[in-house]
Amino acid sequence: MTSQEPSGDGRDETASERADRNWDELMQELRVTQTGSQILTGFLLTLPFQQRFADLRPDQVAIYLVLVALALAATALVVAPVSLHRVLFRRRRKPELVSAANRLAQVGLLTLALVITGTALFVFDVVAGRTAALISAGLAVVVLLGLWVLLPRLLGRT
């Protein structure tokens, strides 16, 4: 469609222009997320090569392995839109691409939240004990819910 259509947010843009803008905005968001998830994944992948890793209890090793799996999944989810773009590039499928990438980003953020919370749990458990670990994980959940869920909803109402 080549005619200008209101987008509902006061912009005067075509559906193609809107899809391009949405894609660009999503890519900017994912650049930050990709970097963070990749750094966190890299940190987790180095731990088995540390001397103290052999001292972990079996439950800590289990937590660690779950975190590695989640970190790898989070990285895959937030990088997947790049692969989608490569496959769908120049096929005039930008609205579908934006929709799929948005869903992948949302699931990736949820997975990343689990990794962040679990990493707090793991590190505090190893360093300060299980009680400190549970408190830190609980605080991580509260902070992430506040910043990633509640704040955007509050701002969306105004």
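Thr41 lies in helix H1. Helices here are DSSP runs of H or I with at least four residues, numbered from the N terminus. This is a predicted model, in which local features need pLDDT of at least 70, side-chain atom pairs count only at pLDDT 80 or more, and totals for chains, interfaces and linings use all residues. Residues are numbered from 1 along each chain as its sequence is written, and side-chain values use heavy atoms, with hydrogens and water left out.

Is Thr41 buried or exposed? Thr41 counts as buried, because its relative accessibility is 8%. Buried means under 20% relative accessible area, exposed means over 50%, and partly exposed is in between (1.4 Å probe, protein chains only). Setting aside neighbours within four places in sequence, Thr41 is in contact with Ala71, Leu72 and Thr75. Contact means heavy atoms within 4.5 Å. The C-alpha atoms of Thr41 and Val115 are separated by 9.0 Å. Along the chain, these two are 74 residues apart.

Gln34 also has its place in helix H1. Gln34 is buried, with a relative accessible area of 14%. Its contacts, leaving aside neighbours within four places in sequence, are Val78, Val79 and Val82.

## The nonpolar cores

A nonpolar core is a set of buried Ala, Val, Leu, Ile, Met, Phe, Trp, Tyr and Cys residues joined through side-chain atoms within 4.5 Å. The largest one has 17 residues. Which of them touch the most other members? They are Leu44, Leu47, Tyr64 and Phe122. Four helices each supply at least two residues of this core: H1 (15-46), H2 (58-88), H3 (94-128) and H4 (130-157). H2 gives the largest share, six residues.

Leu44 touches Tyr64, Leu67, Val68, Ala71, Val115 and Thr119, not counting residues up to four places away in sequence. Another core lies apart from the largest one. This other core has nine residues, among them Trp23, Leu30, Val78 and Ala101.

## The aromatic cluster

The whole structure holds two aromatic pairs. Phe53 and Tyr64 form an edge-to-face pair, 5.1 Å centre to centre with 75 degrees between the planes. Rings of Phe, Tyr and Trp (its six-membered ring) pair if their centres lie within 6.5 Å; planes under 30 degrees apart count as stacked, over 60 as edge-to-face and the rest as tilted. Phe53 sits in the loop between H1 and H2, and Tyr64 in helix H2, 11 residues apart. Phe53 and Tyr64 are buried.

Why is the pair of Tyr64 and Phe122 tilted? Their ring centres are 5.9 Å apart and their planes stand at 45 degrees, so the pair is tilted. Tyr64 lies in helix H2 and Phe122 in helix H3, so this pair ties together parts 58 residues apart in sequence. Both Tyr64 and Phe122 are buried. Ring pairs link Phe53, Tyr64 and Phe122 into a cluster.

## The nonpolar surface patch

A nonpolar patch on the surface includes Leu109, Val141, Trp148 and Leu155. Its residues together have about 850 Å² of accessible area. Helix H4 gives the most to the patch, with nine residues.

Leu145 is one of the patch residues. Its place is in helix H4. Leu145 is partly exposed, with a relative accessible area of 44%. Patches are made of residues with over 30% relative accessible area and no salt bridge: like charges are joined within 9 Å, nonpolar side chains (Val, Leu, Ile, Met, Phe, Trp, Tyr) within 5 Å. A salt bridge is a side-chain nitrogen of Lys or Arg within 4 Å of a carboxyl oxygen of Asp or Glu. Accessible areas come from the Shrake-Rupley method with a 1.4 Å probe; for residues, only the protein chains shown count as cover.
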